[in-house]
Amino acid sequence: MKKYLKLKKVNITDLIQIRFWRNDQVTRNNSFNKNHINSDEHAKWFFKTLFNNKKKLFMGIDENNNKIGITRLDEINKELVEVSININPNFRNSGFGESLLFETVKKAFREKESIKILSKILKTNERSVRLFQKVGFKLSTIKPKSYEYILNSKNFAQIIRDESL
């Protein structure tokens, strides 16, 4: 069962919090880039992403106004968007990951139903693999160190129908 969560666009007030989550050791272990990110590097990435119209950053907020985690949508081309997710370490294993990912892909499909959504996940990140599968993503490519999962609106609509039964 998904938990209540709303999405808001990330803004300048989220800069430090997102860097803190990004440098968390669990996050680093599950990231393609395992390096610690200093404040200058993070600020450069943050503002470049924030002001790029092909990228969208969202913050998941629970009913108590807690910041649960972030998602990012990167437009690869007109038919493909890549999604990534990072959960606030204080809210891991609490069921919010599914809600955050679900609301993000729902928003992406509302904007353009014909897209496909891609996720790249390290093979060692079993929790993310299960999360993306639960939301309807299907394995599309196996690489030496990672998997690529794809979700289309048809598969997502099926997940929504199944939940309403």
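This briefing covers helix packing and aromatic ring pairs in one predicted model. Local features need pLDDT of at least 70 and side-chain atom pairs count only at pLDDT 80 or more, while totals for chains, interfaces and linings use all residues. Residues are numbered from 1 along each chain as its sequence is written, and side-chain values use heavy atoms, with hydrogens and water left out. Two packed helices are described by the angle between their axes and the distance between the axes.

**Helices H1 and H3**

- The axes of helix H1 (residues 15–22) and helix H3 (residues 39–50) come within 10 Å and cross at roughly 115°; helices are DSSP runs (H or I, at least four residues) numbered from the N terminus.
- Axes are lines fitted to C-alpha atoms over the stretch in contact, and angles run from 0 to 180 degrees between N-to-C directions.
- The crossing of H1 and H3 is right-handed, meaning that the near helix is turned clockwise from the far one by less than a right angle.
- On the H1 side, Leu15, Ile18 and Arg19 meet Ser39, His42, Ala43, Trp45 and Phe46 of H3, where contact means heavy atoms within 4.5 Å.
- This contact of H1 with H3 has 5 nonpolar, 2 polar and 1 charged residues; Ala, Val, Leu, Ile, Met, Phe, Trp, Tyr, Cys and Pro count as nonpolar, Asp, Glu, Lys and Arg as charged, and the others, Gly among them, as polar.

**Helices H4 and H5**

- Helix H4 (residues 96–111) and helix H5 (residues 126–134) have axes that come within 10 Å and cross at roughly 50°.
- That angle makes H4 oblique to H5 (under 35 degrees is roughly parallel, over 145 roughly antiparallel, 65 to 115 roughly perpendicular, and the rest oblique).
- H4 passes H5 in a right-handed crossing.
- Gly97, Glu98 and Leu101 of H4 make the contact with Leu131, Phe132 and Lys134 of H5.
- By class, the H4 and H5 contact has 3 nonpolar, 1 polar and 2 charged residues.

**Aromatic pairs**

- The whole structure holds 8 aromatic pairs, in which rings of Phe, Tyr and Trp (its six-membered ring) have centres within 6.5 Å; planes under 30 degrees apart count as stacked, over 60 as edge-to-face and the rest as tilted.
- The rings of Phe91 and Phe96 have centres 5.9 Å apart and planes at 85°, so this pair is edge-to-face.
- Both Phe91 and Phe96 are buried (under 20% relative accessible area with a 1.4 Å probe, protein chains only; exposed is over 50%, partly exposed in between).
- Phe102 and Phe156 form a tilted pair, 5.0 Å centre to centre with 45° between the planes.
- Phe102 lies in helix H4 and Phe156 in helix H6 (residues 153–164), so the pair ties together parts that are 54 residues apart in sequence.
- Phe102 is buried at a relative accessible area of 6%, and Phe156 is buried at 4%.
- Trp45, Phe46, Phe47 and Phe51 are linked into a cluster by ring pairs.

Terms used:
Helix = DSSP H or I, 4+ residues; strand = E, 2+ residues; numbered from the N terminus.
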